[in-house]
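Welcome, and thanks for taking a look at this chain. Please keep the sequence and the 3D view open while you read the short tour below.

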Amino acid sequence: MEEQTTLESLLEMGFERNRAERAVANTGDKGIGEAMDWLMEHENDPDADEPCVPPEGNTLGEKDASQSPSEGPTLAETTEESTGTDGDDQQGVKRPMSEEEKHEQVKRLEELMRVKQAERRQREREEELEREKQRRKHGQELQQIRQKLQENDMKKLTDDRRREKMEDKMARQRVKEKIARDREERAQKFGGCDQPSTAASSQPAQPSLPSPTSHGPPPTKKEYDESRIQVRLLDGSAISTVFKAQEQLAAVRLYVKMNSSMPEGEDFTLLSPYPRHVYTDLDMEKSLKELGLVPSAVLVVAKK
């Protein structure tokens with residue numbers, strides 16, 4: 001008995017003739033397994049149901065060569081009996097399959113199809129898992145890069161704040177030391193003047209000398225090396241202290257910042273009420289003497 005061809009097996013399983021012929025032609029008639037794989041992979045092709053035109057020199061089998069596309073072999077076809085004296089079947093003639101053989105053949109092919117489909121689903125699941133792993137890996141790498149950038153930004157911001165605090169602390173310390181030195185100098189200056197004044201008071205009063213006549217040279221203008229600055233704050237209170245005439249206006253601003261109850265970080269400026277003049281950042285670099293704030297002046301704090 002001659003076994004069924006690949007095309008006949010596919011037709012027996014219920015595949016359309018056009019699809020079955022395409023599968024056999026594209027796989028080179030290498031077996032039912034490869035034909036079924038091709039059918040499952042190309043089941044959604046738009047031209048799957050169009051008539052098959054096999055390449056030149058490629059046939060679907062000797063049994064199909066003499067048949068039209070609409071005339072396929074059927075399993076119910078009968079064969080002629082051999083006329084030989086031996087009673088044997090004639091060579092090349094196929095007898096029809098019994099119902100049991102048909103059922104067994106279909107069952108075997110269906111089982112093969114289920115195995116192929118299971119293998120394909122397993123392969124697709126593995127490919128999907130691999131793609132998911134790659135996506136997660138890339139996501140983790142991106143997350144690590146973002147986290148590292150955020151850490152670098154936070155570190156830079158922390159370093160900047162630490163440096164600003166250190167510079168502010170050093171500036172405050174310099175101002176405190178300067179104020180302490182100024183107080184010490186004033187204490188020594190005024191303390192040293194007390195003894196001569198006390199001694200002078202203990203001596204008898206000397207007769208007053210006649211005032212100089214106007215014939216002498218005009219008196220020279222007194223040069224002041226200090227300035228008493230009074231500052232009126234936003235809450236109505238006032239603070240005052242003495243600065244060197246050559247000190248910058250920025251020293252007065254820093255003194256106000258350290259000795260007032262203004263919230264930290266609140267920006268302000270200084271102005272003179274009479275005549276009204278608002279001091280700019282450039283004025284902060286000028287000396288009190290250059291700004292005309294010697295020997296004394298009244299300044300007002302104003303919000304920027």
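Predicted model: local features only at pLDDT ≥ 70, side-chain atom pairs only at ≥ 80, totals over all residues.

## Overall layout

The secondary structure of the protein chain comes to 6 helices and 5 strands. Here helices (H or I, at least four residues) and strands (E, at least two) are DSSP runs, numbered from the N terminus.

Residues are numbered from 1 along each chain as its sequence is written, and side-chain values use heavy atoms, with hydrogens and water left out.

Of the 304 residues of the protein chain, 25% count as buried. Buried means under 20% relative accessible area, exposed means over 50%, and partly exposed is in between, using a 1.4 Å probe and protein chains only. Contact means heavy atoms within 4.5 Å. Among contacts between residues at least 6 apart in sequence, 62% join residues at least 24 apart.

## Two covered helices

Start with α2 (17-27). Of its 11 residues, 10 are buried, so α2 is largely enclosed by the rest of the structure. Among the buried residues are Arg 17, Glu 21, Val 24 and Thr 27. The cover over the buried residues of α2 includes α1 and α3.

Just after α2, Gly 28 takes a positive phi of about 70°. Phi of Asp 29 is near 50°, a positive value in a residue other than glycine. You can find Asp 29 in the loop between α2 and α3, and this residue is partly exposed, with a relative accessible area of 35%.

Helix α3 (residues 32-41) is mostly covered too, with 7 of its 10 residues buried. Those buried residues are Ile 32, Gly 33, Ala 35, Met 36, Trp 38, Leu 39 and Met 40.

## How α1 meets α3

Two packed helices are described by the angle between their axes and the distance between the axes. Helix α1 (residues 6-13) and α3 pack at an angle of about 50°, with their axes 10 Å apart. The axes are lines fitted to C-alpha atoms, for helices over the stretch in contact, and angles run from 0 to 180 degrees between N-to-C directions. The two helices are therefore oblique to each other: angles under 35 degrees count as roughly parallel, over 145 as roughly antiparallel, 65 to 115 as roughly perpendicular and the rest as oblique.

Which residues meet where α1 touches α3? Thr 6, Ser 9, Leu 10 and Met 13 in α1 meet Ile 32, Ala 35, Met 36 and Leu 39 in α3. The residues of this contact divide into 6 nonpolar, 2 polar and no charged. Ala, Val, Leu, Ile, Met, Phe, Trp, Tyr, Cys and Pro count as nonpolar, Asp, Glu, Lys and Arg as charged, and the others, Gly among them, as polar.

## Strands around β5

Two strands pair if DSSP finds at least two bridges between them. Strand β1 (residues 226-232) runs parallel to β5 (residues 296-303), and 5 bridges join them. Strand β3 (residues 268-272) runs antiparallel to β5, with 4 bridges. Look for Val 300 in β5: Val 300 is the bridge partner of Arg 232 and also of Leu 271.

## Two cis peptide bonds

A cis peptide bond joins Tyr 274 and Pro 275, with omega about -15°. Pro 275 is in the loop between β3 and β4 (277-278). Another cis peptide bond joins Val 294 and Pro 295, with omega about 10°, and Pro 295 lies in the loop between β4 and β5.
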